[in-house]
Amino acid sequence: MIKYEFTAIIKKDLDKVVSTKTMFLSLLAVPLVLTVLLPTVMIVSSHFIPQEETVKYAKLLKLMPVSELGSSLTETLTRLMLNYMLPLFFLIIPIMASTIMSASSFVGEKEKQTLETLLYSPLSLKRLFQAKTAASFLLSMSVSAISFFLMLIVLETELYLTTGTFILPGTQWLLILLLLAPSLSVIAITLMVRTSAKAQSVEDAQQGAVFLILPIILLCVSQFGGIFLINSRILLGLGILCAVLAWVFLKRAAANFTYESLNALI
């Protein structure tokens, strides 16, 4: 019975996201723009670079890692985009997806006046917290995985049609998808739990996500500005740090998830 209730809460939260048009569109819009629309625009634009500008780009690209140099300007730009620009977007996607879900899971129960009913379920408070966080985490990882495979299919198809070649993702993608993205998702969810206790609406709770995305934006600016290029060592260090923070935040959030904190929402 308890196992069924645990699964039912996860399924209910996931179904709510899919059935709520605004939330579902919010989940789709950002990943599609970052992983499909933007790369497509850059690949197409590379074919319309004037000849005199191509020489300038070629000189600039010689400063890039040798492993990313391709047989054409389009292939080289696509390699750099795939292995140095797009990975940073996959630090934003799990944060966005998890905060949308977790904000709705906790504060949304208050808005729909279903929180008290939820507390009468057979689940203990600890298991209730685990069910809510598990739903947010599953959604976040699903959106990230689907976005990655969709991006890869579109990117490889466009590159093959324009240059007749394929490229393979770098090893940094493993660190992004298996370590950094899950860790950032857990951090976002646990911080959103604490924010939800004080928020009066889902929109108020989601505003806290801005402070989580700001460091990622600064990292993107540093990357695009040429201050430094991310590599596997940097990502591994960030991944270990975020994994430790995620574990600490998760333990603290679970400890702070009490009837007193929930009463603040009722």
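Reader: Does Leu86 count as buried or exposed?

Author: Before the answer, please note that this is a predicted model, in which local features need pLDDT of at least 70 and side-chain atom pairs count only at pLDDT 80 or more, while totals for chains, interfaces and linings use all residues. Residues are numbered from 1 along each chain as its sequence is written, and side-chain values use heavy atoms, with hydrogens and water left out. Buried means under 20% relative accessible area, exposed over 50%, and partly exposed in between, with a 1.4 Å probe and protein chains only. Because its relative accessibility is 0%, Leu86 counts as buried.

Reader: Which residues does Leu86 touch, leaving out those up to four places away in sequence?

Author: A contact means heavy atoms within 4.5 Å, and Leu86 itself lies in helix 4. Not counting residues up to four places away, Leu86 touches Leu34, Pro39, Met81, Met151, Leu155 and Trp173.

Reader: Among contacts between residues at least 6 apart in sequence, what percentage join residues at least 24 apart?

Author: One case of residues apart in sequence is Phe89, placed in helix 4, whose C-alpha atom is 10.0 Å from that of Ser144, 55 residues away along the chain. Phe89 is also buried, because its relative accessible area is 7%. For contacts in the protein chain between residues at least 6 apart, the share that joins residues at least 24 apart is 82%.

Reader: How are the rings of Phe90 and Trp173 arranged?

Author: A pair of aromatic rings is described by the distance of the centres and the angle of the planes. Rings of Phe, Tyr and Trp (its six-membered ring) pair if their centres lie within 6.5 Å, and planes under 30 degrees apart count as stacked, over 60 as edge-to-face and the rest as tilted. The structure holds 5 aromatic pairs. In the one formed by Phe90 and Trp173, the centres are 5.1 Å apart and the planes are at 80 degrees, an arrangement that is edge-to-face.

Reader: Which parts of the chain does that pair link?

Author: Phe90 counts as buried because its relative accessibility is 0%, and Trp173 counts as buried because its relative accessibility is 3%. The two residues are 83 residues apart, and their pair links distant parts of the chain, namely helix 4 (residues 73-111) and helix 7 (residues 172-196).

Reader: Why is the pair of Phe148 and Phe149 edge-to-face, and which cluster is formed by ring pairs?

Author: The centres of the rings of Phe148 and Phe149 are 5.4 Å apart and their planes are at 70 degrees, so this pair is edge-to-face. Phe148 counts as buried because its relative accessibility is 8%. Ring pairs link into a cluster the residues Phe90, Phe148, Phe149 and Trp173.

Reader: Which residues form the salt bridge, and what separates their closest N and O atoms?

Author: A salt bridge is a side-chain nitrogen of Lys or Arg within 4 Å of a carboxyl oxygen of Asp or Glu, and a search of the whole structure finds 1. Lys11 and Asp15 are 4 residues apart in helix 1 (residues 2-19), so about one helical turn separates them. The salt bridge is formed by Lys11 with Asp15, and its closest N and O atoms are separated by 2.9 Å.

Reader: What distance lies between the end C-alpha atoms of helix 6?

Author: The expected span of a helix is 1.5 Å times one less than its number of residues. Helix 6 (residues 125-163) has 39 residues and should therefore span 57 Å, which agrees with the distance between its end C-alpha atoms, 56 Å.
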